[in-house]
Amino acid sequence: EKSGSVTYIVEPHSTHRRYQVSPHDHLTFRQAQEMSSQPDLIAKLARHIATDFEARGFGPVRVYVEALVSLNGRRPRLLLNPSTDFGVGPIALNRAESIEAEPTIPPIQLRSMALR
């Protein structure tokens with residue numbers, strides 16, 4: 001079981017101002033929900049957001065990703081390196097600097113509750 005939340009941070013080269021972009025600005029609710037725990041889809045949307053900002057006259061931009069994912073009931077953790085610029089593509093997601101390490105703590109254990 002994986003669930004996640006994603007926020008994109010866009011930083012134009014010219015201004016160094018930062019813009020927060022929600023996946024919901026570009027996707028349906030269902031698409032955003034499905035994409036939020038899949039690194040390849042997160043990176044693809046980052047590239048799309050970069051292209052969108054460039055087309056609107058912002059010039060070249062950097063796109064950073066804050067992707068928190070919970071795996072099998074664990075606390076949410078960063079899925080991707082937040083200092084990686086995902087606005088330039090293609091990103092090799094198999095590189096160690098792009099994807100964060102897997103969790104080392106075990107998932108939560110639920111006790112069975114018998115009905116009385």
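Reader: What covers the buried residues of helix 2?

Author: The cover includes strand 1, strand 2, helix 1 (29-35) and strand 3. Helices (H or I, at least four residues) and strands (E, at least two) are DSSP runs, numbered from the N terminus. This is a predicted model: local features need pLDDT of at least 70, side-chain atom pairs count only at pLDDT 80 or more, and totals for chains, interfaces and linings use all residues. Residues are numbered from 1 along each chain as its sequence is written, and side-chain values use heavy atoms, with hydrogens and water left out.

Reader: Which residues of helix 2 are buried?

Author: Pro-39, Ile-42, Ala-43, Leu-45, Ala-46, Ile-49, Ala-50 and Phe-53. Buried means under 20% relative accessible area, exposed over 50%, partly exposed in between (1.4 Å probe, protein chains only).

Reader: Where do they sit around the axis of helix 2?

Author: Within an arc of 160°, so they line one face of the helix. The arc is taken from the directions from the helix axis to the C-beta atoms.

Reader: Which exposed residues are on the face turned away?

Author: Lys-44 and Ala-55.

Reader: New topic. How many residues has the largest nonpolar core?

Author: 20, and Tyr-8, Ile-42 and Val-65 have the most contacts inside it. Such a core is a set of buried Ala, Val, Leu, Ile, Met, Phe, Trp, Tyr and Cys residues joined through side-chain atoms within 4.5 Å.

Reader: Which element gives the most to this core?

Author: Helix 2, with seven residues.

Reader: And confidence: what does the chain average?

Author: A pLDDT of 84, and 76% of the residues score at least 70. pLDDT is the predictor's confidence in each residue, from 0 to 100.

Note on methods
Contact = heavy atoms within 4.5 Å.
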